[in-house]
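Trainee: I would like a close look at one part of this model, the pocket. Please walk me through it and then through what surrounds the topic.

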Amino acid sequence: LSQLLELSAEETEKAVSDMVVAGSLWCRIDRLEGTATFQQAQDPTEMLNDWSGNIAELLVKVEKTCHLIHKEKMIQGAEK
């Protein structure tokens with residue numbers, strides 16, 4: 001992040017810390033590893049619910065795609 005902002009590590013940490021205190025963003029800084037995590041850890045139940053919703057959405061899209069492919073094959077078959 002320091003490289004992207006072209007700031008020193010200390011200046012970047014100060015800027016991020018100020019934004020966290022102001023409530024602008026969520027961040028966890030690990031000074032020992034020199035990393036920052038900007039995504040808050042989810043509760044396992046919430047994570048599974050999100051995953052389940054994403055899978056359901058994907059399945060709906062796959063089903064719609066299969067339907068459109070089948071429809072297109074029927075149209076092409078009728079034209080021959």
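Trainee: Which helices and strands each supply at least two residues of the lining of the largest pocket?

Mentor: Keep in mind that this is a predicted model. Three elements meet that mark: helix α2, residues 9–22, strand β1, residues 28–30, and strand β2, residues 35–37. Each of them gives at least two residues to the lining. Helix α2 has the largest share, with four residues.

Start with the space itself. Rolling a probe the size of a water molecule over the atoms shows where empty space is left. Here the largest pocket has a volume of about 260 Å³.

Now the residues around it. Leu 1 and Ser 2 are part of the lining. Sorted by class, the lining holds five nonpolar, four polar and three charged residues.

Two of these lining residues pair up. Side chains of opposite charge can pair when their charged atoms come close. Arg 31 sits in the loop between β1 and β2, while Glu 13 sits in helix α2, so the pair ties together parts that are 18 residues apart in sequence. Glu 13 is partly exposed, at 24%. The cut-off for buried is under 20%, so Glu 13 does not count as buried.

Next, look across the lining from strand to helix. Ala 36 lies in strand β2. Ala 36 is partly exposed, with 38% relative accessibility. The C-alpha atoms of Ala 36 and Val 16 are 9.5 Å apart, and the two residues are separated by 20 residues along the chain.

Stay with helix α2 for a moment. A salt bridge joins Asp 18 and Lys 14 there, at 3.1 Å from N to O. These two are four residues apart in helix α2, so about one helical turn separates them. Asp 18 is partly exposed, at 39%. Lys 14 is exposed, at 52%. Val 20 is in helix α2 as well. Its relative accessibility is 32%, which means partly exposed. From Val 20 to Ile 69, the C-alpha atoms are 49 Å apart, and the residues are 49 apart in sequence.

That brings up helix α3. The total count is three salt bridges. One of them pairs Lys 61 with Glu 57, at 3.4 Å from N to O. Both residues lie in helix α3, residues 44–79. They are four residues apart, about one turn of the helix. Glu 57 is partly exposed, at 43%.

Finally, go back to the start of the chain. Leu 5 belongs to helix α1, residues 2–5. At 45% relative accessibility, Leu 5 is partly exposed. Then comes Glu 6, in the loop between α1 and α2. Glu 6 has a phi near 55°, a positive value in a residue other than glycine. Glu 6 is exposed, at 73% relative accessible area.

To return to your question: α2, β1 and β2 each give at least two lining residues, and the largest share comes from α2.

Conventions: Residues numbered from 1 in each chain as written. Predicted model: local features only at pLDDT ≥ 70, side-chain atom pairs only at ≥ 80, totals over all residues. Heavy atoms only, no water. 1 Å grid on protein atoms, 1.4 Å probe; cavity = no way out; pocket = protein on both sides within 12 Å on 5 of 7 lines; lining within 4 Å. Points joined across faces, edges and corners; volume = space filled by probe spheres on them. Nonpolar A, V, L, I, M, F, W, Y, C, P; charged D, E, K, R; others polar. Salt bridge = Lys/Arg side-chain N within 4 Å of Asp/Glu carboxyl O. Buried < 20%, exposed > 50% of the residue type's maximum accessible area, 1.4 Å probe, protein only.
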